[in-house]
Amino acid sequence: MIDALARAGSLTSPLRDGDMLAAIDLGSNSFHMVVASYTLGQLRIVDRLRETVRMAEGLDEKGGLSLDVRQRALACLARFGQRIRDIPPQRVRALATNTVRLLSAPQAFLVPAETALGHGIEVISGREEARLIYLGVAHAQPPKPGCLRLVVDIGGGSTECIIGRGFQAIERESLQVGCIATTRRFFGNGKLSRRKWREAVIEVGAEFQQFANAYRALGWNEAIGASGTCKAIGEICAAMKLTKGAVTAEALPQVRDRLLQAGSIGAIDLPGLSEDRRPIITGGILVLEAAFDALGLARMAVSKAAMREGVLYDMLGRGSEHDPREASILALTQRYGIDEAQAARVEATAIRLFEQAAPAWKLDPDDLLMLAWGARLHELGLAIAHSQYQVHGAYVIEHSDIAGFSRQEQQFLAALVRTHRRKIPKSAFEALPDRLLGAARRTAALLRISALLHRARDSEEIPRLDLDVQDNRMTLRLARRWLENRPLLRADLEGEPSDIAPLGVQLAISVD
């Protein structure tokens with residue numbers, strides 16, 4: 001796989017001094033964008049943009065998004081798009097989080113959102129969000145060697161809790177409690193009362209109890225709160241002269257009591273609280289109190305960094321020997337006992353075919369990586385059952401939390417695994433956005449041919465493997481003598497042109 005990473009890297013323009021990168025975070029409360037310059041091997045932040053969009057406010061129980069919130073989000077993304085229109089697409093990464101995860105029809109929002117921004121938008125899982133949050137905090141405040149660190153990020157729709165060492169997240173959890181969602185859930189009528197608060201803390205605390213014992217057993221040397229809510233509560237503590245900006249177990253109840261004295265959300269008068277955050281601070285303080293109680297926290301420092309900074313640093317590693325996705329693929333091959341020798345054979349052949357098809361099909365380095373990883377994982381389902389193992393493998397890949405991968409990337413990989421053998425269902429690619437469909441189908445064709453050529457698990461190298469591609473027509477040329485010694489393969493190849501047709505390609509086999 002390192003070979004595929006190296007090949008992908010050789011096809012990508014390396015970062016040069018002065019190159020610009022941008023990370024966009026479509027959060028449930030605010031949309032953030034960070035623009036950085038790559039200077040002397042380091043990232044230097046040159047611009048930050050933040051707009052309060054409150055996506056979570058527009059989410060209904062059926063997963064729909066209100067028209068006014070949708071329009072607010074698209075207008076914000078259009079403004080962000082103007083700022084980064086001169087940055088190459090491969091240097092921009094936009095990620096959507098909890099609210100978009102909960103949409104019943106995410107593409108109905110993502111398609112116009114991508115048009116407004118001018119770039120693709122990826123949806124990430126809660127645990128992947130947690131990993132990126134930790135990465136951003138770790139780079140902003142480098143941890144002491146060997147120390148464990150707890151990071152808590154309270155967003156608009158979810159809360160992420162991470163324990164990490166150095167720049168590596170060890171434990172990651174994501175809860176469906178956030179400042180907007182919790183405020184709406186328990187105080188939707190705008191009234192504040194101690195009785196309701198106690199009930200709410202118990203309910204939210206139960207969410208933390210799912211992993212609190214495991215976290216406390218592992219332990220940590222310091223706790224840090226990330227992103228806007230924790231920062232706002234720290235500023236309130238400082239303005240009330242309770243701390244110098246940290247949040248403590250002694251200060252938090254005093255902040256809560258001052259909040260509840262207001263009687264209603266509209267009357268909240270907390271020192272240091274911005275008008276913009278007043279409508280949602282109730283849920284944020286409640287979630288943080290529940291976290292302090294469940295995890296036994298005494299003190300939490302506050303970091304200005306969050307997921308967006310983590311995305312920038314993650315971009316530096318992608319496509320290099322430090323690509324976090326490579327470690328995840330390796331972990332999957334080991335966990336499911338994949339035959340690495342067979343996977344390597346299929347991968348090598350897939351790469352040979354890719355290099356011949358890429359120019360005509362305009363496949364890019366990311367497509368090469370997905371193809372190589374698909375080859376590595378194509379037999380994952382054998383650990384479950386031999387019958388229909390491509391179905392089992394695709395399900396595991398699509399529905400697992402795989403560090404480093406967005407949902408679309410996992411769906412891409414799952415489609416490759418699902419279609420590498422047997423009948424190709426019409427539904428195999430339906431989860432993918434239109435912008436990825438062409439590359440997904442064509443790389444699936446390359447993987448399918450590669451797996452077929454190695455069905456006998458023969459270690460002998462294929463002497464001739466020439467692929468000619470014109471539009472959607474593929475002509476595969478093989479050595480006659482080599483093929484004549486493999487009657488089973490010959491039979492398979494005779495039926496493959498009709499079997500592969502649902503991928504939108506026409507296959508011809510030529511021998512000489």
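Predicted model: local features only at pLDDT ≥ 70, side-chain atom pairs only at ≥ 80, totals over all residues.
Two packed helices are described by the angle between their axes and the distance between the axes. For helix α8 (residues 227-239) and helix α10 (residues 281-295), the axes come within 10 Å and cross at roughly 90 degrees. The two helices are therefore roughly perpendicular to each other, since angles of 65 to 115 degrees fall in that class. On the α8 side the contact is formed by T229, C230, A232, I233 and I236, and on the α10 side by I281, G284, I285 and L288. By residue type, the contact of α8 with α10 comprises seven nonpolar and two polar residues, with no charged residue.

Helix α9 (residues 251-260) contributes A251, L252, V255, R256, L259 and L260 as buried residues. The buried residues of α9 pack against α7 and β10, and also against α8 and α10. Among them, L260 of helix α9 has a relative accessible area of 10% and is buried, because the class requires a value under 20%. Although L260 and L192 are 68 residues apart in sequence, their C-alpha atoms are 5.9 Å apart in space. With neighbours within four places in sequence left aside, the contacts of L260 are L192, S193, R194 and W197.

The relative accessibility of L353 is 0%, so L353 counts as buried. L353 and L252 are 101 residues apart along the chain, and their C-alpha atoms are separated by 61 Å.

A search of the whole structure finds four aromatic pairs. In one of these, the ring centres of F208 and F211 are 6.1 Å apart and the ring planes stand at 55 degrees, so the pair is tilted. F208 and F211 are three residues apart in helix α7 (residues 194-218), and therefore about one helical turn separates them. Both F208 and F211 are buried. Ring pairs join F208 and F211 with Y215 in a cluster.

Arginine side chains also meet aromatic rings. The charged end of R325 sits over the ring of F405, at 6.0 Å from the ring centre. For R441, the charged end sits over the ring of F429, and the distance to the ring centre is 5.5 Å.

Positive phi values at non-glycine positions were also examined. K241, which is not a glycine, has a positive phi of about 60 degrees. The position of K241 is in the loop between α8 and β10 (247-248). K241 has a relative accessible area of 74% and is exposed, because exposed residues are those over 50%. D471, also not a glycine, has a positive phi of about 55 degrees. The loop between β12 (466-470) and β13 (473-478) holds D471. With a relative accessibility of 57%, D471 counts as exposed.

Terms used
Residues numbered from 1 in each chain as written. Heavy atoms only, no water. Axes fitted to C-alpha atoms, helices over the stretch in contact; angles between N-to-C directions. Helix = DSSP H or I, 4+ residues; strand = E, 2+ residues; numbered from the N terminus. Parallel < 35°, antiparallel > 145°, perpendicular 65-115°, else oblique. Contact = heavy atoms within 4.5 Å. Nonpolar A, V, L, I, M, F, W, Y, C, P; charged D, E, K, R; others polar. Phe/Tyr/Trp six-rings, centres within 6.5 Å; stacked < 30°, edge-to-face > 60°. Buried < 20%, exposed > 50% of the residue type's maximum accessible area, 1.4 Å probe, protein only. Lys NZ or Arg CZ within 6 Å of the ring centre and 35° of its normal.
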